[in-house]
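Hello,

Here is the structure I promised to hand over. Please open it first, then read my notes below.

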Amino acid sequence: MTMSSTNVVQSHIGTITFANPVNNIEAHFLYPKVVIIEDRRKVTIIDIECEFNNETSKTFVFDLDEDITDNILLEHLLWLTLKSYVLVVINIKTGTLVNIRCNNYANYKICQFYRLNNNLVLMSESGECLALPFSTTELDNNMKQSENDMVVTLEKLHISRSALKSQETVTLLSELNAYIEYGKVILQCSITGTIDVLSTDPLLEYIVPWTNSLIIANKSNMWMIDLRDFSTTYQFSNEVSKYYPLKAVDKTFYYILWDKEQVQVKSASICHSENNESEASDNIVTSKTTQDNLKVQLNTLVSSITSNIKPAQVVSILSLNKDLQTARDMICSNAVKQTMTSRTKSEEATPSSKENEPWRLTSREEPLLRTAHKCVRHIANMEWAGACLFYVLQGCARGADQVAAAHLCFQFSQRWATLQPGNRALRQMERLYATLSTRHALHNIDWACEEFIRLSTEPAQLIHAMYLHPDFVDKIARYDVNRAANEIADKNNINISTIRIQILENLLQKGEKETETLPGLNTKELITAKYILKATCSKMAAIYLSRIALDEECEFNKCKKLRAFQCLMSVVDPDTAVKVTNRERESLWSLLLELLYVVNLEKIDMPWVVATFVQDKLHALQQLLQVANGNIEGLKIAAALALRYGDALIIRELIPLLVRASLHDEVIPLLLKCCHLLDEVIYTAWRAVMLTPFQRADYPITERQKKKCLKVLNLLPVCPLIKDEDLLEIWKHCVRCKCLGLGCLILPYMTSQTRQKLTELQKIDRRNLIISIKNLHAESYLVPGAMIALENLGSKTHR
């Protein structure tokens, strides 16, 4: 039979020799510039018109100090990110290199580049997307003005990594894209989303379009595929060197052959001829599925339907088709296609792209979806019908309408699966519907952050992340997160009750490091536990927690028992807890405190004290005092035990130890408990508590130091022992730190004679002083008294 074959004329342009053996290269091509990156370190830029024609050399070489982790060529600018997250850009026309510094988001570690509508997108190590809002002309001008560095301002993008990857496709024909995945060429219709695989025996690494052909290659071989019938029309000769296809310019295709020693730059052009042969040699395309399915689905559904044919012409064309059902299928699919196309054109004025559209929480296109569904039900060809519904889904606005369209696709795929068991569409549509529904649930509670969007395909992990997120407590104050979690679990067919129990179990079963810091649950964890149990039966929750906290035969560790006890007392309804445990609430509180002290004693490795504590609290406290001197954690526990169980004798013995260890926060409750003991030990302790924060304050005083000073000043009304010389020392420290407003709070507690000695009050601007005192109104109830004392002092001075 007669068939068309292709003759390819290859030409050698020139050879570049490496200075050192090279194991890996990457290349870019912007005619006539070839960029070669050697072993992720060295960048060489060659002008193939000058370098190989004995003209003035225009080669630029850049030896970098560290590895290149990613690179991208946008127009004539080569962007590089290095191992240390430094950004570099090279103008391959002029050979100019500058370092890029960001005046915002400087802590983001940029590790990857993407292209979005021919603009540069920077991806951080944590998955954040940043855009560089500069045109190439602006960057060129800045590079000319900058010597080595250029400062840029970045903008944050709310776009997913998957959306950026979808941009990395090669356009072959109208509305037909291609990309490589796991060594196979994936062909996709950009309108319907129809996907098929161009199966090949070898695994591929590169694809480059060339006229009506597609160049596919790996390092060992390179072939040319005819896009009209997906047959192999030419195989480049097997070489010892490795292939690296570059780009087609006009009708000439450029590529590289390279080995460890050198790079050969080559070109190829096509020459057609007629040969009488029965078969083409070395046809590597082994799958007829691509050829058959894509010709029917893409050519018929895309090319025919998208052509602007008048209605009368459509009818005349369809009347020639003997198969009336096929005619009906085409009419219905054409109706859906034209409706969505006209709708899309009417919205083209919107500046934001599809990915950046706001997510609509309510539906606006229910009539359209109902009509499209009704029309598609008349299509007998299931592949066409599925493609039409999927096209409707892609055309819908992001949000409620897209979720509804995905639901229609899922329902259709269920019907399709009953007719053709084993069809992959059911699983794909079920996953798509679940993912979109999950995202919609996140948007409904204003929690569609990048982290959660990435987890939308892993619903169990997502629900865990939601309940354990640092912002969880703030979120539940405004939204019903339990309801959102129920919806996500329902759409993904997972058991929400099991997940909640797992989360609660995780809260109770902390790791060793967390237990060392805090044996019990902190406030946030208690709120989380309460919110989780709010969605369960109160009685069942009480039974679950009491079994862990009170069952002496259980092998649970004491820390887990303590946390379960905390939940039981703080989360479960009091009446329910009493009924389930059959104990009075006061008794439960006593048991909880006792368990807390036992856990803390075990934490500081004093088991003999634990054994005594269970029998005799006072004796255990005396034992602890004998060994706790110098042990900070032991002294803290002793202070807590003394406050609850100690007598005046033990408290008086403990206070000097706490003062010596600077544990003033633990001393204060004990001083207030034994305020009737007014001896030298108590006075010394009070003096240390009142003066230490001021002695340790710096100039300028920090916010933390200021809060500590205010805390002790607020104790002045209940402090039984304080002398004027102590207050005068506090005043001197306030003068040193230049915070006289703080110092004025002690004026009501000084004698009038001592107040007259405060010469600084005569020198300072009184208006500014009053303002600084009033600014403390929210932090101290001593302000009114200080204002009166200051006013009286001013009156006496005036007289």
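Y243 is buried, with a relative accessible area of 0%. Please keep in mind that this is a predicted model. F236 is buried as well, at a relative accessible area of 1%. The centres of the F236 and Y243 rings are 6.4 Å apart, and their planes meet at 70°. That angle is over 60 degrees, so the pair counts as edge-to-face. Both belong to one aromatic cluster, together with W210, Y234, F253 and Y255. The count of aromatic pairs comes to 18.

Another pair is F412 with W416. This one is tilted, with 5.7 Å between the centres and 50° between the planes. Both residues are buried. They sit in helix α9 (residues 400-419), four residues apart, or about one turn of the helix.

Leaving aside neighbours within four places in sequence, A385 is in contact with V376, I379 and F412. A385 lies in helix α8 (residues 382-395). Its relative accessible area is 0%, so A385 is buried. C332 is 53 residues away along the chain, yet the C-alpha atoms of A385 and C332 are separated by 9.0 Å.

Next, helix α19, residues 558-570. It has 13 residues and reaches 18 Å from its first C-alpha to its last, close to the 18 Å expected. The helix is mostly covered, with 11 of its 13 residues buried. Among them are K560, K561 and R563, as well as L562, F565 and L568.

One last item: K723 lies over the face of Y683, 4.4 Å from the ring centre.

Best wishes

Key. Residues numbered from 1 in each chain as written. Predicted model: local features only at pLDDT ≥ 70, side-chain atom pairs only at ≥ 80, totals over all residues. Heavy atoms only, no water. Helix = DSSP H or I, 4+ residues; strand = E, 2+ residues; numbered from the N terminus. Expected span 1.5 Å × (residues − 1). Buried < 20%, exposed > 50% of the residue type's maximum accessible area, 1.4 Å probe, protein only. Contact = heavy atoms within 4.5 Å. Phe/Tyr/Trp six-rings, centres within 6.5 Å; stacked < 30°, edge-to-face > 60°. Lys NZ or Arg CZ within 6 Å of the ring centre and 35° of its normal.
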